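Let's take a walk through a protein together. Have a look at the picture first, then read on.

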Amino acid sequence: MSVEDNRTLVRQYIEVGWSGGDLDVVRESVIPGYRRHQPGMPFPVESDAALEELVGMYRKGLPDLEVVIDHIVAEGDFVVTRVIARGTHNGDLAGIAPTGKHVEFTATDMFKITDGLIVESWHNVDDFGLLQQLGVIPAA
């Protein structure tokens, strides 16, 4: 796969899978043993099924979730993105009851691609800012 193919794969995974809610695209973008490294995760993401559960959790809590790629950089087998995620908290999100609040937060991901599929990723999200917007943590 070329660097451009890798970039296209990640763009589709984010824009169609996460933002569009197409779990088939999410599943088809990763290997069955996919691993996601993310500090503070409520459960380990070490398979395509666990990834689907994670996407479902976010889409349940933020049914109108929109994930927009702000920056994307690719080199060799790695693709790095910075995204802006927006949505309205109208459903349970990781045990947080719906607030009806509109939230916006950023995340940075590094994806490792092998043979045209995402095998592993490292995810850093502004959880603190998200929790402040939801009223779980007092605003500064």
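**Salt bridges and their surroundings**

Aspartate 70 forms a salt bridge with arginine 82, and their closest N and O atoms are 2.7 Å apart. (A salt bridge here is a side-chain nitrogen of Lys or Arg within 4 Å of a carboxyl oxygen of Asp or Glu.) This pair ties together distant parts of the chain: aspartate 70 sits in strand β2 (residues 66-75) and arginine 82 in strand β3, 12 residues apart. Helices (H or I, at least four residues) and strands (E, at least two) are DSSP runs, numbered from the N terminus.

Before going further, a word on what you're looking at: this is a predicted model, where local features need pLDDT of at least 70, side-chain atom pairs count only at pLDDT 80 or more, and totals for chains, interfaces and linings use all residues. Residues are numbered from 1 along each chain as its sequence is written, and side-chain values use heavy atoms, with hydrogens and water left out.

How many salt bridges does a search of the whole structure find? It finds eight. Asp24, Arg27 and Glu52 are even linked in a network of them. Within it, the side chains of arginine 27 and aspartate 24 meet at 2.9 Å, N to O. Both lie in helix α2 (residues 23-29), three residues apart, or about one turn of the helix. The side chains of glutamate 52 and arginine 27 meet too, at 2.7 Å, N to O. Here the link is between distant parts of the chain, since glutamate 52 is in helix α3 and arginine 27 is in helix α2, 25 residues apart.

Is glutamate 52 buried or exposed? Glutamate 52 is buried, because its relative accessible area is 18% and buried means under 20%, exposed over 50% and partly exposed in between (1.4 Å probe, protein chains only). Arginine 27, at 30%, counts as partly exposed, and so does aspartate 24, at 40%.

Now for the helices. Helix α1 (residues 3-18) packs against helix α3 (residues 48-61) at an angle of about 50°, with their axes 12 Å apart. Axes are lines fitted to C-alpha atoms, for helices over the stretch in contact, and angles run from 0 to 180 degrees between N-to-C directions. That makes α1 oblique to α3, because angles under 35 degrees count as roughly parallel, over 145 as roughly antiparallel, 65 to 115 as roughly perpendicular and the rest as oblique.
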